[in-house]
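This briefing looks at a ligand and at the protein surfaces that meet around it. Please keep the structure open while reading.

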Amino acid sequence: MYSFNYLKPDSIKEAESLLSGADDNKVISGGMTLLPTLKQRLARIENLIGLEKCGLDKIVLKEGLLNIGAMVTHFDVSNSALVKTENPAIAQLASHIGDRQVRNRGTIGGSLANNDPSACYPAAILAMSGTIHTTKRDIKAENFFVDLFETALEEDEIITSVSLPKPERAAYEKFPNPASRYAIVGIFVAKFDSEVRVAVTGAGEEGVFRCQQIETALSARFLPESLSEINISADGLMSDIHAEADYRAHLIVELAKRAVAKSIAR
Amino acid sequence: MTEVTLTVNGKKYTQVVFDHLLLADFIREKLKLTGTHIGCDTSQCGACVIHVDGKSIKSCTMLAVQADGRDVLTIEGLADGDVLHPMQRAFHENHGLQCGFCTPGMIMSAIELIKGKPDITDQEIRQGLEGNLCRCTGYQNIVKSIQEAAKNENNLTNR
Ligand SMILES: Cc1cc2nc3c(=O)[nH]c(=O)nc-3n(C[C@H](O)[C@H](O)[C@H](O)COP(=O)(O)OP(=O)(O)OC[C@H]3O[C@@H](n4cnc5c(N)ncnc54)[C@H](O)[C@@H]3O)c2cc1C
Ligand code: FES
Ligand code: FES
């Protein structure tokens, strides 16, 4: 690793001013992605700004929305009584991210900021139409995920929390890479009073996306059988050593069926 | 550089370290506690697992400065003199190790895994060890060891 200074601001205001201090400053949350990047010398940083003392580790219910602080770890999301009652699907999603040690350190804010095309949370936040709160503004999920590893965040903008509405039914199904547990394909299905939203991670060449075909079919009848005639095009889907695009297209439908069944059984 | 004070295996240490020093390197190089192994250095293998404030973490993916003020437990902190920790004893008695390289990490992960779960199933143990790899692939006996330790813990608490 190249050398850097590690700073521990006591408030988010202070973190914000430190971050805007120089171009090669960066915030660090769980470090599960950033530290490996630094070890490989893929990035050079002047100051690392640790958010651990900024009070972003709370989970609360605010005006009917579940609000999860940016520094809440995957383990704490999976284990929180409030999350389990308000939004069991996201608790279950969190419980299958990486391994226990990754879950004990990795955070929801870090995962969203990173926008890895195979990460789990982006599918949930997009499908549930969550809002990402930052030091500057509130960003709807639809406008947040831009491209692979790219978000709407500005250089000096920090995620402070995420709010999620409560779906009537929801579930996440992942076909994990057996080594890393990242999604080869992951599907989050969320049924609201007025609409059904389905988001796909792990498959898109431009990262997480909504699948209109499946949404339309499920809006007519929210049952796994509604998807039996659906064929997803492999255009725009990733091909890599783990799976070809047409296999991913097949997985999308299959996992969506399972997610619907799981959400109904819950 | 930054001065850090942390408790490791019940003993307080204060040292001035480079901000980019990994916790695994701090433990091995500065404190000379070499029971914590570095297998992959890329957060995959779990040989470096220790506990920080009671939670298992991969010490190759955490900085020493991030452990400032925290309570660290490594494999060396488990035994009470010559008396092995129940998890260590279970590994010993069930042939839960071959070369022993993955063992410190396996044991630290296993201790957290069985907490409050005396009846943990084979499947739960295998899933709970997602973050630990054994290059000798002796998983069968590792699982057996952990299951036995879980049962013993139950007997202890029922007494
Ligand atoms: C072995 C392994 C397996 C994994 N498996 C999975 C998996 O199955 N599914 C999955 O979804 N993920 C997986 N991950 C990734 C994991 O979820 C990480 O936690 C996540 O990618 C990053 O979160 P972090 O808190 O560690 O972020 P960090 O590494 O601290 O930061 C990541 C990036 O986000 C920026 N950042 C961090 N916090 C903020 C903030 N609050 N505001 C703005 N920018 C911020 C940082 O500057 C950095 O660029 C895995 C990781 C590992 C090592
Ligand atoms: S050395 Fe830390 S996970 Fe392999
Ligand atoms: S006993 Fe040799 S690596 Fe596990």
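In this predicted model, an oxygen atom of ligand 1 is 3.4 Å from a polar backbone atom of A:Ser111. Ligand 1 itself lies between chains A and B, and the points below take the ligand and then the interface.

**Ligand 1 and its surroundings**

- Two further backbone approaches involve oxygen atoms of ligand 1, with a backbone N or O atom of A:Leu34 at 2.7 Å and a polar backbone atom of A:Cys120 at 2.7 Å.
- Taken alone, ligand 1 exposes 970 Å², and the protein buries 95% of that area.
- In chain A, β2 (25–28) and α7 (108–114) are the elements that give two or more residues to the shell around the ligand.
- Of the 31 residues around ligand 1, those that come nearest are A:Val27, A:Ser29, A:Thr33, A:Thr107 and A:Arg181, while the shell as a whole divides into 15 nonpolar, 12 polar and 4 charged residues.

**The interface of chains A and B**

- The contact draws 26 residues from chain A and 24 residues from chain B, and the area buried between the chains is about 2,200 Å², of which carbon and sulfur atoms give 50%.
- On the side of chain B, the residues that lose the most area to chain A are B:His20, B:Gln66 and B:Glu130, which together make up 28% of what that side buries.
- There are 6 salt bridges between the two chains, and A:Arg181 forms a salt bridge with B:Glu130, in which the closest N and O atoms are 3.7 Å apart.

Terms used:
Residues are numbered from 1 along each chain as its sequence is written. Chains are lettered from A and ligands numbered from 1 in the order in which they are written. This is a predicted model: local features need pLDDT of at least 70, side-chain atom pairs count only at pLDDT 80 or more; totals for chains, interfaces and linings use all residues. Side-chain values use heavy atoms; hydrogens and water are left out. A residue is near a molecule or strand if one of its heavy atoms lies within 4 Å of it. A polar contact is a pair of N or O atoms within 3.5 Å; within protein, one must be able to donate a hydrogen and the other to accept it, and residues adjacent in sequence count only if both atoms are side-chain atoms. Accessible areas come from the Shrake-Rupley method with a 1.4 Å probe; for residues, only the protein chains shown count as cover. Helices (H or I, at least four residues) and strands (E, at least two) are DSSP runs, numbered from the N terminus. Ala, Val, Leu, Ile, Met, Phe, Trp, Tyr, Cys and Pro count as nonpolar, Asp, Glu, Lys and Arg as charged, and the others, Gly among them, as polar. Contact means heavy atoms within 4.5 Å. Buried area is the accessible area (1.4 Å probe) that two parts lose on being put together, summed over both. A salt bridge is a side-chain nitrogen of Lys or Arg within 4 Å of a carboxyl oxygen of Asp or Glu.
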